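Visitor: I would like to learn how to read a few features of a model, one at a time. Please give the general idea and then the case at hand.

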Amino acid sequence: MAIVKMKRFRLIALEQDLPTLLTSLQRLGSVEVGEAEAKLSSPEWSALLRRDSSSYSDVKSQISQLNQALDALRKYAPVKSGLFVKRSAIAERDFLDSDAKNASLKIAAAIGDSLSSISRLHTQENRLTGMRASLVPWSALQTPLSHLSTEHVFVTLGVCPAVVELNKLTAELQEVAPLSQLIPISSDKDQHYLLFLCHNSQRLEGEQVLKTYAFSGSLFKDLHGTASDEIARIDAELLEIEEKRAEEESKIASFGDTRPQLRRCLDVLNQELAKESTREHLLTDGTIVFLEGWAAQTGLSKLERELGAYPCAYSLEEPEEEATPPTLLKNPKWMSCINMVTEMYSLPAYRGGIDPNPLIFGFYILFFGFMFADIGYGIILAVVCGIITKVYRPKKTMGYMFHLGIYLGISACFFGIITGGFFGDALTVFTRDILGWANPIELPYLINPLQDPMSVLALSIVIGIVQLIFGQCIHIYMGFRDGKPVDGLLDVLPWWALFAGIAVVALTGNTLGIWIGVGALVLTQGRHKKGIFGKLFGGIASLYDVTSWLSDILSYCRLMALMLASSVIASVMNILGALPRSIIAFAVVFIIGHVFNIAVNLIGTYVHAARLQYLEFFGKFYLEGGIPFRPLKYETKYVDITTEEDT
């Protein structure tokens, strides 16, 4: 239960062994390969080695093709799916089977071909639909759309704005070009659709008049029949396109049963992508490769055993003083779920930090249960999280969340027993107001937040003081661990003296203890300052931190506030449900109201339980700033890979 020690890992291996070597490292999941920029900047290294090439872009393209195929199946072969992906177990040798991967890629390519055909058909459909829309206003015209003009007569189709008065336009044309005629074909709210005929001798005069009325010609290139004939032809083509598209969609839908296979292949390609990304960090001369990174202490024995199968040279050394190793936290599996709380804040620094997970595990679960205290709510939370964990086996943050939710639900049940809460006071309200029992059911309790909130407040503050003192004890331990026991003690003990003095004043009225604590702070808290006056003023300034301590302690009042809020809302919902004196109405209000209460207070309780760790508790000892350890390892979404060691 600590920060895992890191070793500086360097390896030289044969280029021909690299694919299987990277697979071995990925299986182990204990090596992070770093950038080689520092080596390339050295003339000695750059003269011998170059950055290794990879197929990163090719694999990325294959992943894109698979995602496109899966998206197509979701659209054309939909299946009911829940919020979570149900993972299946698969042996590593089956997972890495190249034949299965190639078969999946062929399926994805076939789906991609159908999608391309659908896209082309869609483009054609849009073009034809637009053409049809442009022809509809001319459907009453019985003249072919092309070759309208004759040897002596100029004929054209055109449009002008709907605001134009056609009578006025026709009259002006007759004055200027009497050998012309303007025939209206149709009109809509935007335009008039017109046929203009004019003797060639008066064409220029007629076109000049039309120009003043914003007349523009309409050309229908490559259309030889009448508008009605062309519309009929387009309708036939659109029907044919619809049939072809339905055929392509049916082809895609026929691959619906291959969805698990494609998902598995997507996981395979993502593992290949991780390896190709790692290759870009390597140096090579074409025959050998060099890699440098970090290896976790916990996996060294397996790493050395795995590397023994390759003709390679490697070294595992202590980190350099100027280096910043990544941080990896190692805890028992049952406690690892608290990682998500720590990682949301910041990992501890590799040098000088301390693993906070064992320290906050109990406190976080305690605080959550205290605020969420209800037997019914706790049972729902624990059961739902347990089912999701068992059936769907989510990984990483989601897996941690639901695993932690089981503990949180149990804690909420425990405090629900203490407070007598089962969906608030639902049993009492239901048996009294709905069933009309003279002696309604009342659950026993040790403390009732609605009837005795001050006791809950006092208990909250006591819990907070215990956690803060525990945080200071950790600070003392870190001082002894780092060879600075005096600093660890002097940072904490004077404050304890002051707090003890305050307690003595509250109990006896004697102020001597406070003055002793104040004196101890003044004499010790400025000890790192330069000069006697600097030390003195530093000690005096530390007295201002009393307000910080008061703020920290009062922050724990939120434990009472959240417990009270949850209980009050639950009670109000029960009362509202009982007002109609109907079992059905009570059931409806009960379900809606308590689902709302669970959702709202679940979020608030989670956030505030974390806040007390981040701001109040961590502030007493935590050294943050750790860099996450990101090894090359299997990270899948749809399957769980089992190796020979697992079986």
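Guide: Take a charge over a ring, which requires NZ of Lys or CZ of Arg within 6 Å of the ring centre and within 35 degrees of the ring normal. Here Lys 620 lies over the face of Trp 549, 4.8 Å from the ring centre. Likewise, the charged end of Arg 8 sits over the ring of Trp 294, at 3.9 Å from its centre. This is a predicted model, where local features need pLDDT of at least 70, side-chain atom pairs count only at pLDDT 80 or more, and totals for chains, interfaces and linings use all residues. Residues are numbered from 1 along each chain as its sequence is written, and side-chain values use heavy atoms, with hydrogens and water left out.

Visitor: Which strands does β11 pair with?

Guide: Strands are DSSP runs of E with at least two residues, helices are runs of H or I with at least four, and both are numbered from the N terminus. Two strands pair if DSSP finds at least two bridges between them. Strand β2 (residues 6-14) runs antiparallel to β11 and is joined to it by nine bridges; within this pairing, Leu 11 has Leu 291 as its bridge partner. Strand β3 (residues 31-33) is also antiparallel to β11, over three bridges, with Val 33 partnered by Gly 293. Two bridges connect β10 (residues 283-284) to β11, again antiparallel, and Leu 283 stands opposite Phe 290. The β10-β11 hairpin has three residues between its strands, and Gly 286 there takes a positive phi near 100°.

Visitor: How many residues of strand β11 are buried?

Guide: Buried means under 20% relative accessible area, exposed over 50%, and partly exposed in between (1.4 Å probe, protein chains only). Strand β11 (residues 288-296) is mostly covered, with eight of its nine residues buried.

Visitor: How is an aromatic pair described?

Guide: By the distance of the ring centres and the angle of the planes. Rings of Phe, Tyr and Trp (its six-membered ring) pair if their centres lie within 6.5 Å; planes under 30 degrees apart are stacked, over 60 edge-to-face, and the rest tilted. The structure holds 32 such pairs. One of them, Tyr 377 with Phe 423, is edge-to-face, at 5.6 Å centre to centre and 80° between the planes. This pair links distant parts of the chain, 46 residues apart: Tyr 377 is in helix α14 (residues 375-392), and Phe 423 is in the loop between α15 (396-419) and α16 (426-434). Phe 422 and Phe 423 also form an edge-to-face pair, with 5.0 Å between centres and 85° between planes.

Visitor: Why is Phe 423 classed as buried, and Phe 422 as partly exposed?

Guide: Phe 423 is buried because its relative accessible area is 12%, whereas Phe 422 has 26% and is therefore partly exposed. Tyr 377 is buried too.

Visitor: Which elements give two or more residues to the lining of the largest cavity?

Guide: On a 1 Å grid over the protein atoms alone, a cavity is a set of points where a 1.4 Å probe fits but cannot get out, and lining residues have an atom within 4 Å of a point. Grid points are joined across faces, edges and corners, and the volume is the space filled by probe spheres set on them. There are two cavities of 30 Å³ or more, and the largest holds about 50 Å³. Its lining includes Asp 94, Lys 101, Arg 264 and Cys 265. The elements asked about are α5 (92-95), α6 (98-135) and α10 (259-279), of which α10 provides the largest share, four residues.

Technical notes: On a 1 Å grid over the protein atoms alone, a cavity is a set of points where a 1.4 Å probe fits but cannot get out, and a pocket is an open set with protein on both sides within 12 Å along at least five of seven lines; lining residues have an atom within 4 Å of a point.
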